Each structure stands twice: as C-alpha cells, then as structure tokens.
Amino acid sequence: MLRRLASLPLRRPAAALLAAGVRCISSGSVEITLPLNFWAGKRRTGPEKCSKDIVYEPATGRVLCQLEPCGAVEVDQAVKAAKLAFGYWSKMSGMERARVMIEAAHIIESKREEIAEMEVVNNGKSITEARLDVDSARLCIEYYAGLASTLAGQHVQLPGGSFAYTRREPLGVCVGIGAWNYPFQIAAWKSAPALACGNSMVFKPSPVTPVTAVMLAEIYAKAGVPEGLFNVVQGGQETGSLLCQHPDVAKVSFTGSVPTGQKIMEMASKGVKPVTLELGGKSPLLIFKDSDLENAVRGALMANFLSQGQVCSNGTRVFVQKDILPEFVKEVVKRTQAIEIGDPLLESTRMGALVSQPHLDKVLSFVDRAKKEGATVLCGGESYVPSDPKLRGGYYMTPCVLGNCTDDMTCVKEEIFGPVMSVLPFETEDEVLQRANDTSLGLAAGVFTRHRAGERPGDDRVLLPTEDCVCGDGRCRQPLLDHPATASQSCALRQRL
Ligand SMILES: NC(=O)c1ccc[n+]([C@@H]2O[C@H](COP(=O)([O-])OP(=O)(O)OC[C@H]3O[C@@H](n4cnc5c(N)ncnc54)[C@H](O)[C@@H]3O)[C@@H](O)[C@H]2O)c1
Ligand SMILES: NCCCC=O
C-alpha cells in the first residue's frame, strides 16, 4: 500500500489534481508497504526468512521500502504460474492477444501521471522525463499489439506437388531482467514483444528500482491477461541466477551491464537457452565544423545529461572538429552550468538525483581519476546539495564537462553512466571514424554535419574504392555521386546508377 506521510489529505484523481496545479505526491512523502512480488495474479510477500534489502528514494535519501529477495521456492512458484498461463495465452489468436494488450496500453495512458511519479520517487529522474518513459512503454505495447495478428508462417512448394510450411510458435516462459535506469519502460519493452508472440514472462527488476514493474503487472492483470502471464520477482543477482537456470525457462532477455551480460549468457548457454542482451555503451558523438552549432550543442547536452547521464546509448565521447572547438566548448559549458538541478518532482527541474549513493560515489570517482590522468574539469563534477532541506540527503551532482581528454583516459574508455561528458578534438573524418570505432562498447553513435560523407568541403575521401571507378582515370578520387563525368569522360559506374 502507498501511504502519504506529508500533508495532502485525500487522493483525488491525478488529472484533477494536476488541473488544480497540485501535485499528487511530493518528494519525501511516499512510503511503500505493499509487497512488491507478483505472481499468479496477486502481489506476494517474499520468503519468510530472508535478509531484506533497503530501497532508498534518490531525491531525499530516505528509506522508501524494504525488498524481500525471492529464493528458489518463490522463483519456482512464479515460473510455474507463468507456465500455466502460457498454456492459455499461447492458444489465443494474435488478434485476441492484441485486444488485451491494447487495453493495457489504455490503462497505462490513464495512469500516466501516477506511474511517472512513482518512477521519479524510486529512480530520481525528473518528472518531465518520466512521463515520456511511460509514453514510450505504452507505445511499445501498442506497437507489438499491432504486430501480434500479423505473425505468420511460410508455405514452401517442394518437388512432386509436395509442400512444406513453417509456423511461428512461442517459446514458453521467458525471463526478463532489467536495469535501474528505465524501470517501467524496460519492463514494458521486455514484456510487449514476448507477450505479443504468445509467451509468458517472469520479470526481475533491479533491486534498486523495484516499484513500478509491479504496477505494470497489475495493469496487465486488469487488462485481462490470464493469471500468471506476467510475474515480477524481486531480488538481485542470486534471484536472477535462479531464473536463468530454471529448467522451465525457455529464454532470457537481459538489460544491464556487460559483465552481468557475460554471466547471463554463460548460464543460459548451459541450458541451451537463447538470450537477448542489451548492454552498456560508450558511444561517440561526432561534431563537424560545418554543423549547425546550436543544434550540435543541444544534441551533446541531450546525449550526455538526460536521466542524469544514466542512459546506455549516451554519446559520452564528444569528438569536436578542432576549428570549432573553442566556440563549442564555451557554449556547452555555459548551458551545462545553467541546468537546473533539484527536486525531480518539480516541473522546472531538468536534472534530478542519481540513482543511489554508491553510484554517485562511483561517478564522482571517475571525475577524480580523469583529473589525475590529465583531463581538465571545465565545469561541474562535484556533489551538490539542494537548498530545500528535505533534499539534503539526496544523491545529486553537478553535470560535468571534461576537456583536454585523450582516447587512452579511463573517462573516455569506460562507461561512467553519469552526467560526465568527455570532449575530444579531431582534425579529419578518417581519423575520427577510426577513433570513434575504437571501442568494445559500440552501442550507438551520432553525427552532426550539414554534408554527407565525401561531400564535405575540402574532403577528398572516396566513397567507393578507386579501382571500382572505371571512368578511365586510374587516379580518380571523386566520390561517386559527385563524379564530374561528362559525355566525353564517361563513368560506367555512374551510368549504372
Ligand atoms: N542497451 C540497453 O538497452 C541498456 C538499457 C539500460 C541500461 N543498460 C546498461 O545497464 C547498466 C546499468 O544497469 P545496472 O547497474 O542495473 O546493471 P547490472 O548489470 O548491474 O544489473 C542489471 C540486472 O541484472 C541483475 N543481475 C546482476 N547480476 C546477475 C546475475 N549474476 N544473474 C542474473 N541477474 C543478475 C541485477 O539484479 C539487475 O536486475 C549500464 O551498463 C547500462 O548501459 C543498457
Ligand atoms: N530510453 C532508452 C533507454 C535505453 C538505455 O538506457
């Protein structure tokens, strides 16, 4: 049960309160006492004898709830419930499944504010971002609901009038294991495709952010999924391992760090189970001198400071072409310093709290190490104490821009997963492509330029290998699409296009 400690008297519908300019909850006002495990259609308590984990509210550092990590018995109960539900759900048509999923999406829409607020309370991100996370969860469920009725097999003609056909069949009980940075969204992104295809799921959120996955379980139940179709078991690595090794689990889908992903792949391989791994990143952002600077600066801020920098696909290695480096750095620093840090439930807040004290310490230690290795702190990188007394125990830091970085520094090589941008100068496109790709964490990449590769002024890069160009000039270095081929100087490749 959710209890409000602060002054708001009655819980009116979120929309009515918002219309009246009143927030339903405030930071420091929520205590969660309902059990956070959910299987076979109900919230469940964990094992009687277990050492409970404490869950904190990042904005205030208060205790939010206690977590009862599931052991072998509870994991088995959840998997059994999922197995039973699979029997019903997998026999339904895609259209029938879609109807239930669309209903779940409608419920999410109607509870948007409530879910977003709980995400903020548990994760520390700003309310404006949390609302978008809820929208993205709903859209994902709608998208896969749309696909459910299109799943079809193939008909293959064989010699002598025989034929073969293929069917798309669900796997069975799937396990979803999530990270703490997008708790509700990850639970939806994992469950939507699995459920649309006729599978059931046991989901384990991060023990740091256990609250909103169980809200999703209740929403699916209310929408009409069979009891046990989507279950939530709480716990850390032991619970996760039990899930991965359970003989009735057919597949594991994991979002989290690379080292944990490696362990999960190893465990799943022992049971010959397929795995999906969505892991960490250290993505490059390339900013060329011909780019629209305003656009590039905004892109760099977004790619580094959303969700307090705790985003897997963040472009944290910001390569800037030397000619525009001073101008870019000046603008980025100015805007970074202007980011409003504070109570994540306030509409005006742009940066909330990091997820936990140990994580904040880890991010700050990356900044210290960067300084020792020769980087210059251009702004931020320090812990921050908001003026509101109730936020004083929260996990805040000032967003940081590091200059004077080189490719071999720890801050450039390792995933920091916090609001720390490393700026690296470059001269040529070939050079920056090689440096940008020189990482084992290749999750995403961004480019700011007004020209396509090979079309940049003064850039003589060849799009196709020279030997492929048969215009007659063996030394031809023209990009194919710009080739100055004329009637007298024809280019066979150009003609073929
Ligand atoms: N690629 C993506 O889509 C994506 C999205 C979000 C986060 N991430 C990554 O997640 C990481 C941050 O999240 P985190 O700190 O929660 O990651 P983590 O790897 O520490 O934990 C992720 C989940 O795995 C569980 N777990 C830990 N050890 C386990 C084990 N041995 N067996 C089974 N489960 C185990 C945790 O309890 C948690 O639920 C970052 O590296 C980030 O880039 C990736
Ligand atoms: N909203 C996307 C989240 C992916 C990684 O953290």
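Tutor: The questions below concern the surroundings of the two ligands.

Tutor: This is a predicted model, in which local features need pLDDT of at least 70 and side-chain atom pairs count only at pLDDT 80 or more, while totals for chains, interfaces and linings use all residues. Residues are numbered from 1 along each chain as its sequence is written, chains are lettered from A and ligands numbered from 1 in the order in which they are written, and side-chain values use heavy atoms, with hydrogens and water left out.

Student: What makes a residue one of those that surround ligand 1?

Tutor: A residue counts as near a molecule if one of its heavy atoms lies within 4 Å of it. Ligand 1 is surrounded by 29 residues, and the closest are Gly-178, Ser-257, Thr-260, Leu-279 and Glu-415.

Student: Why is the pair between Glu-415 and ligand 1 called a polar contact?

Tutor: A polar contact is a pair of N or O atoms within 3.5 Å. A polar side-chain atom of Glu-415 is 2.6 Å from an oxygen atom of ligand 1, so the pair meets that limit. For Lys-204, an N or O atom of the side chain lies 2.8 Å from an oxygen atom of ligand 1, and for Trp-180 the distance from a polar side-chain atom to a ligand oxygen is 3.0 Å.

Student: How do you know where ligand 1 lies relative to the domains?

Tutor: Domain bounds come from an automatic or database domain assignment. Domain 1 (37-154 + 167-278) and domain 2 (284-473 + 487-494) both contribute residues to the shell, so ligand 1 lies between them.

Student: Which residues are around ligand 2, and what are their classes?

Tutor: They are Asn-181, Tyr-182, Gln-185, Trp-189, Val-311 and Cys-312. The shell of ligand 2 holds 4 nonpolar, 2 polar and no charged residues. Ala, Val, Leu, Ile, Met, Phe, Trp, Tyr, Cys and Pro count as nonpolar, Asp, Glu, Lys and Arg as charged, and the others, Gly among them, as polar.

Student: What polar contacts does ligand 2 have with Asn-181, Gln-185 and Cys-312?

Tutor: A polar side-chain atom of Asn-181 is 2.8 Å from an oxygen atom of ligand 2, and one of Gln-185 is 3.1 Å from a nitrogen atom of ligand 2. Cys-312 places a polar backbone atom 2.9 Å from an oxygen atom of ligand 2.

Definitions and conventions. A polar contact is a pair of N or O atoms within 3.5 Å; within protein, one must be able to donate a hydrogen and the other to accept it, and residues adjacent in sequence count only if both atoms are side-chain atoms.
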